[in-house]
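Reader: I'd like to learn how to read a few features of a protein model. Could you take me through them slowly?

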2 protein chains.
Amino acid sequence: MSSNLFKHADSYLTIDLGAIAKNWHHIDAMSSSTCTTAAMVKANGYGLGSGEITQALAKTGCQQFFVASIGEAIALRSTLAEASYPGADIMVLHGVQRGQEADLANNGIIPVLNDLEQISRWRLFAGKAGVKLPCLLHFDTGMTRLGLDHDQTDWLIENPLAYDGLDINYVMSHLVSAEIASDPVNTTQLARFREIRRWFPGIPASLANSAGCMMGPDYHFQMTRPGIALYGIRPSDIWGAALQPVLGWHARIMQIRSTKPGDRVGYNGTFEVARPSRIATIGVGYADGYSRHLGNTASVAIGNGVAPVIGRISMDSITVDVTDLDADSLRCDSARLIHDSYSLDKMASDCGTIPYEIMTQLGQRAQRDYHHI
Amino acid sequence: MSSNLFKHADSYLTIDLGAIAKNWHHIDAMSSSTCTTAAMVKANGYGLGSGEITQALAKTGCQQFFVASIGEAIALRSTLAEASYPGADIMVLHGVQRGQEADLANNGIIPVLNDLEQISRWRLFAGKAGVKLPCLLHFDTGMTRLGLDHDQTDWLIENPLAYDGLDINYVMSHLVSAEIASDPVNTTQLARFREIRRWFPGIPASLANSAGCMMGPDYHFQMTRPGIALYGIRPSDIWGAALQPVLGWHARIMQIRSTKPGDRVGYNGTFEVARPSRIATIGVGYADGYSRHLGNTASVAIGNGVAPVIGRISMDSITVDVTDLDADSLRCDSARLIHDSYSLDKMASDCGTIPYEIMTQLGQRAQRDYHHI
């Protein structure tokens with residue numbers, strides 16, 4: 001089994017755009033026809049490639065996209081224009097920072113306004129330009145991160161002229177613990193959001209992230225904003241079994257060597273060979289996002305076998321014990337880093353983190369092989 | 001204090017190319033005039049930008065560069081040609097994988113040959129082409145990762161015809177624990193390497209990584225290969241105090257909010273506010289390489305004060321407690337993520353890793369501001 005998917009790299013990712021589209025439809029079908037389903041494509045589409053993913057989602061019917069920064073938004077506008085989806089909504093979660101007004105407006109990007117300063121800035125710019133500019137208003141209901149705080153919310157409700165001249169597409173908030181269905185903060189946030197919403201009659205609303213989508217119609221309002229679930233990751237243990245996997249991660253077997261008992265493997269010799277062994281060196285390392293926490297811990301799949309990672313993770317390579325693999329497996333030229341007995345969830349857990357961080361930390365050296373719809 | 005270094009991003013890196021050049025000269029001066037000093041620029045120059053760094057190093061006198069993969073090597077060849085350093089040596093540590101022969105030769109890239117298969121492959125290609133092709137021979141002396149193992153080394157020494165027709169620029173090996181000067185594996189490796197070297201009379205040799213450079217002339221041979229020290233990181237506690245710092249990391253203050261006792265901050269509300277507080281939300285998150293392990297742990301500097309990171313690290317932002325900052329500091333628009341009381345070493349330690357991993361995991365969204373020589 002030989003693979004030319006490596007090209008000039010030593011690792012490659014497979015990214016199933018059809019699975020992303022199916023996941024979007026799966027989530028979209030959870031909410032009513034009066035609720036639209038946007039897509040979170042920030043951080044380069046959770047590390048998997050915002051350009052290709054956004055084009056695939058636009059093709060399948062998604063028309064609303066969220067990114068974090070204006071830089072991401074401008075890149076996405078260009079991608080969508082090239083792909084002949086110039087009218088898709090691009091919303092930027094970090095809002096309008098000082099000096100960004102004209103660049104947002106000229107690129108047709110919709111800021112999520114997070115405080116009174118941003119509201120005032122966007123309104124002032126709209127006034128000068130003599131146009132009604134679109135925006136979302138973000139009210140904090142418990143996250144204490146972005147969005148109007150309690151006092152600012154009260155003030156704004158009492159001073160509606162402060163947002164006069166703005167075209168508020170949505171009022172929104174963000175859930176703190178939606179992946180834990182039993183956390184009482186969910187219902188507290190829902191109640192707070194409903195209370196705020198009363199002051200903006202007729203304006204659509206949005207609250208749900210991936211896990212929120214799965215909490216039922218009370219949380220859906222007029223737009224949901226799934227992220228991680230689109231990429232095939234279950235937002236919690238109890239939700240998302242029907243999601244299609246999206247990501248595969250493969251690395252080149254560069255060398256197979258013989259070792260004898262007593263040999264030590266890798267930096268600082270943290271693994272000692274106990275029996276005559278065969279060790280494969282594989283072309284992925286922590287610079288590619290294969291975390292150092294996985295040394296002497298993870299496993300890879302090669303052919304029909306599984307080989308444990310031994311020794312420290314290097315910057316550009318790892319070493320695995322292939323002594324027990326059969327001859328057919330040893331003829332393979334690549335290893336699967338995520339496999340049936342070592343999921344992305346397990347990898348993240350072994351790193352003391354969540355799949356989101358593993359994905360967004362995938363390095364730039366890997367080839368990306370997109371399976372198109 | 002306002003900064004336009006962010007451009008359309010929410011974070012930026014400052015990379016002092018002059019400091020890298022000074023560090024290279026500092027290391028180069030440690031070895032004799034018969035020893036050249038190469039530079040490790042793999043993994044995109046340890047995350048800081050291989051193109052700019054290689055150009056700066058070439059300008060200051062470095063003529064030999066190491067990368068991991070052929071993809072990195074071809075990109076570097078193009079960079080060096082544009083900068084009018086077409087003759088610099090580019091050496092690829094992963095050697096010649098199947099099918100890479102012509103691309104290596106056509107781009108003037110020198111493979112580090114790691115096993116008999118690679119030696120045979122390169123020699124066969126040279127024979128067909130009717131030219132003598134350059135290479136390095138890598139002998140493993142204890143790392144058990146890349147390089148000829150013990151049996152292969154013995155075989156090669158007994159069969160010198162196996163490398164006939166190759167132009168061996170260097171024989172080399174790699175140190176396992178050079179950062180721990182007292183580790184007996186250092187002298188064991190040195191002895192093994194000297195023993196192997198005897199069989200290749202007249203061929204230059206190379207053994208030392210950054211920490212190896214600082215272990216004295218026995219370890220220098222004819223070429224040293226520093227990496228991390230070039231980037232201003234001390235390879236161990238006892239070495240490298242004279243190295244110049246290279247990296248600065250800054251992120252935008254996006255919003256400052258008021259909170260009251262009992263408010264909880266960030267995902268899953270892991271931080272509870274104990275007093276009336278001011279909290280700043282800053283535009284860097286784990287997608288930018290600011291690890292989730294830093295939640296409720298790290299600190300940032302703002303103006304002349306220091307603010308602790310509170311709550312979880314989000315994908316695109318962090319929250320810090322700025323209650324105790326003075327008014328001048330609160331007028332700043334950016335935070336310094338690495339600062340006098342929170343070094344890159346400390347950050348790495350808090351993440352359970354080493355500075356190398358933090359650097360190579362720096363994300364693509366940050367602007368890069370290069371201070372040229």
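Predicted model: local features only at pLDDT ≥ 70, side-chain atom pairs only at ≥ 80, totals over all residues.

Reader: At what angle do helix α1 and helix α3 of chain A pack?

Author: Helices (H or I, at least four residues) and strands (E, at least two) are DSSP runs, numbered from the N terminus. Axes are lines fitted to C-alpha atoms, for helices over the stretch in contact, and angles run from 0 to 180 degrees between N-to-C directions. Here α1 (residues 17-28) and α3 (residues 50-60) of chain A pack at about 50°, with axes 9 Å apart. α1(A) and α3(A) are therefore oblique to each other (under 35 degrees is roughly parallel, over 145 roughly antiparallel, 65 to 115 roughly perpendicular, and the rest oblique).

Reader: Which residues of α1(A) and α3(A) meet?

Author: Contact means heavy atoms within 4.5 Å. Leu17(A), Ile20(A), Ala21(A), Trp24(A) and His25(A) of α1(A) meet Glu52(A), Ile53(A), Ala56(A), Leu57(A) and Thr60(A) of α3(A). In chain B, the axes of α1 (residues 17-28) and α3 (residues 50-60) come within 9 Å and cross at roughly 50°. That makes α1(B) oblique to α3(B).

Reader: Is His250(B) buried or exposed?

Author: Buried means under 20% relative accessible area, exposed over 50%, and partly exposed in between (1.4 Å probe, protein chains only). His250(B) has 13%, so it is buried. You'll find His250(B) in strand β11 (residues 247-259) of chain B. Leaving out residues up to four places away in sequence, His250(B) touches Phe6(B), Ser11(B), Tyr12(B), Thr14(B), Ala335(B) and Arg336(B).

Reader: How many bridges join β15(B) to β16(B)?

Author: Two strands pair if DSSP finds at least two bridges between them. Four bridges join β15(B) to β16 (residues 305-310) of chain B, and the two run antiparallel. Ala301(B) stands opposite Val306(B) in β16(B). The two strands β15(B) and β16(B) form a hairpin with two residues between them, and Gly303(B) in the turn has a positive phi of about 55°.

Methods:
Residues numbered from 1 in each chain as written. Chains lettered and ligands numbered in written order. Heavy atoms only, no water.
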